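This report describes selected features of one protein model, element by element. Please keep the sequence and the structure in view while reading.

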Amino acid sequence: EIAALKSQLATAERSLTIATNAKKKIKEKNAEALKMVKSDSKLIFEKVTLALKSSGAPSELLGRDTMADMITLGNDADIIKLVHELVTAARGRDAVLGAISSIKVVCDKQTPPSATLANAMTTLVQRVFELAVKDASHSYLDIKSLLLLTSVVGLTTKPMEYYAVLAAAVNLVAANLKEKKTSMLSWSDRGKDYITDLLVPVHDAIENEMGNSTKEELMREIMTGLLESANQTEAAKNYAMPAEAEIARKAGYSDVQKFLLSPTETTLELNLSKSGRMAVHRLIDYQMSYNKVRHSSVGAGRSRYLVLTKCDAESPSDVRIKKERKEKHMELLVKFNTYQKFILTLPPKGTKLGLILKTNKTLGNMTEIVDVVENSPLMNLIPKDVCIVSLKAGAIGFVQPRSMKDTVESFGKVQAAASKQLEMIVAPNGTTSA
């Protein structure tokens, strides 16, 4: 029995020695890992310090990568220290936004966010808004940045306060977009639509209930803007230039004269010899008033030709963008149940539609559908007591009829076309005004 006990004791002592050695090794490994983390953290801080000392502003990539690496290392104190380094930089907006992006990626997977990340996000968002307020002479924040901030305000410790600040910043950029104050906008935002590119995306990005009042305010702005847009129908522009046409006539250029007299044509292509092109150049440059007609040569060799453009005419691309924007506005009004959209198949040309129409002068001369007669092919397909806001079909494109005549002509073109499908957006009489 004594021998057995001695054997058990020896086994226990060996196990204790093994456990002690293992514990020692674990402690050494932990120390090495901590040392490695501290070493990696040191490298990150050195990278940030070097970037902050450079002549250029710290980049968004710097903030995004360094914060992502620091979060991976998992040292809370170093995360907060890095945030402090970024927010105290004199020109650190882009780097701060980059850091916000990295924290958002982690928070999207971690609900709710840790206290460290929530505090870090709060400090970073606060800094961006402080910089925006200081630089009130122009829109410091672009649409991309505003959408990022909208998506993270709910992750901060002060969502209610920051949603109010966010609303003010969004309204500033929206006003500059609406009024086309390009000098007050970032390059990336010029030409954007304040409703579809800014207000609607920001509204949709607010998910935290603390932002409900801001969301309601944005929706009021959206609806006001959409209804203003729907009620704006530009009169057909007259591009005729009779004085310049007379000059062209006297010089013997009948094609140029006809072009300049046209109220709708805005460009003319002339296939002329080099001497012919130069003669037209001289006619425009020396005999016509400045900034009336622009000329440019296109192509090379025998295929080279002259293009004349009326200077006050909108470019085809500008016209297309305007139409696309207006169409988006109409679709949003349908989405928000303010307007209704009907997809109809019109009968062939010569078939009466059976619609009783009138001009609603109190609503910008919109065409009102007073009634649909009993034997109409559109009976039960469209309502009455509504105003036609827009029409869309292959034969006419997207149009906003400016008068009853325009409406009837559009119907006729669709009936005469191969495809007789027509999209009609209508509004109840009481909702067409902003």
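## Terms and basis

Contact means that heavy atoms lie within 4.5 Å. The model is predicted, so local features need pLDDT of at least 70 and side-chain atom pairs count only at pLDDT 80 or more, while totals for chains, interfaces and linings use all residues. Residues are numbered from 1 along each chain as its sequence is written, and side-chain values use heavy atoms, with hydrogens and water left out.

Helices (H or I, at least four residues) and strands (E, at least two) are DSSP runs, numbered from the N terminus. Two strands pair if DSSP finds at least two bridges between them.

## Serine 410 in helix 14

Serine 410 is part of helix 14 (residues 404-416). Leaving aside residues up to four places away in sequence, serine 410 touches Leu391, Ile396 and Val399. Serine 410 counts as buried because its relative accessibility is 10% (buried means under 20% relative accessible area, exposed over 50%, and partly exposed in between, with a 1.4 Å probe and protein chains only).

Three strands form an open sheet in the order 1-3-2, with antiparallel pairing. Strand 1 (267-270) and strand 2 are the edge strands, each pairing on one side only. On average, neighbouring strands of this sheet are turned by 20 degrees against each other, direction ignored.

Strand 1 pairs with strand 3 (residues 305-310) in the antiparallel sense over four bridges. Leucine 270 has leucine 306, in strand 3, as its bridge partner. Helix 11 (residues 254-261) lies across strand 1, strand 2 and strand 3, and runs at about 170 degrees to strand 1. For such angles, axes are lines fitted to C-alpha atoms, for helices over the stretch in contact, and the values run from 0 to 180 degrees between N-to-C directions.

Strand 5 (residues 355-360) and strand 6 (residues 366-372) run antiparallel and are joined by six bridges. The bridge partner of threonine 359 is threonine 367 in strand 6. These two strands, strand 5 and strand 6, form a hairpin with five residues between them. In its turn, glycine 364 has a positive phi of about 65 degrees.

What covers the next part of the account is strand 7. How many of the eight residues of strand 7 are buried? Seven of them are, and strand 7 is thus described as mostly covered. Strand 7 pairs with strand 6 in the antiparallel sense over three bridges, and cysteine 387 in strand 7 is the bridge partner of glutamate 368. Six bridges join strand 7 to strand 9, and these two run antiparallel; here serine 390 stands opposite isoleucine 425 in strand 9. Strand 8 (residues 397-399) is joined to strand 7 by three bridges, again with an antiparallel run. Leucine 391 stands opposite valine 399 in strand 8, and a hairpin of three residues joins strand 7 to strand 8.

## The cavity

The structure holds one cavity of 30 Å³ or more, and the largest cavity has a volume of about 40 Å³. A cavity is a set of points, on a 1 Å grid over the protein atoms alone, where a 1.4 Å probe fits but cannot get out; lining residues have an atom within 4 Å of a point. Grid points are joined across faces, edges and corners, and a volume is the space filled by probe spheres set on the points.

Which residues line the largest cavity? They are Glu327, Glu331, Lys341, Ser390, Leu391, Lys392, Phe398, Glu423 and Ile425. Helix 13 (316-335), strand 7 (386-393) and strand 9 (421-428) each supply at least two lining residues, and strand 7 gives the largest share, three residues. The lining divides into three nonpolar, one polar and five charged residues (Ala, Val, Leu, Ile, Met, Phe, Trp, Tyr, Cys and Pro count as nonpolar, Asp, Glu, Lys and Arg as charged, and the others, Gly among them, as polar).

## Two loop residues with positive phi

Most residues other than glycine have a negative phi. Lysine 180 has a positive phi, near 55 degrees, and lies in the loop between helix 7 (159-178) and helix 8 (194-205). Lysine 180 counts as exposed because its relative accessibility is 65%.

Asparagine 291 also has a positive phi, near 65 degrees. Its place is in the loop between helix 12 (274-287) and strand 2 (293-298), and asparagine 291 is exposed, with a relative accessible area of 53%.

How values were computed:
1 Å grid on protein atoms, 1.4 Å probe; cavity = no way out; pocket = protein on both sides within 12 Å on 5 of 7 lines; lining within 4 Å.
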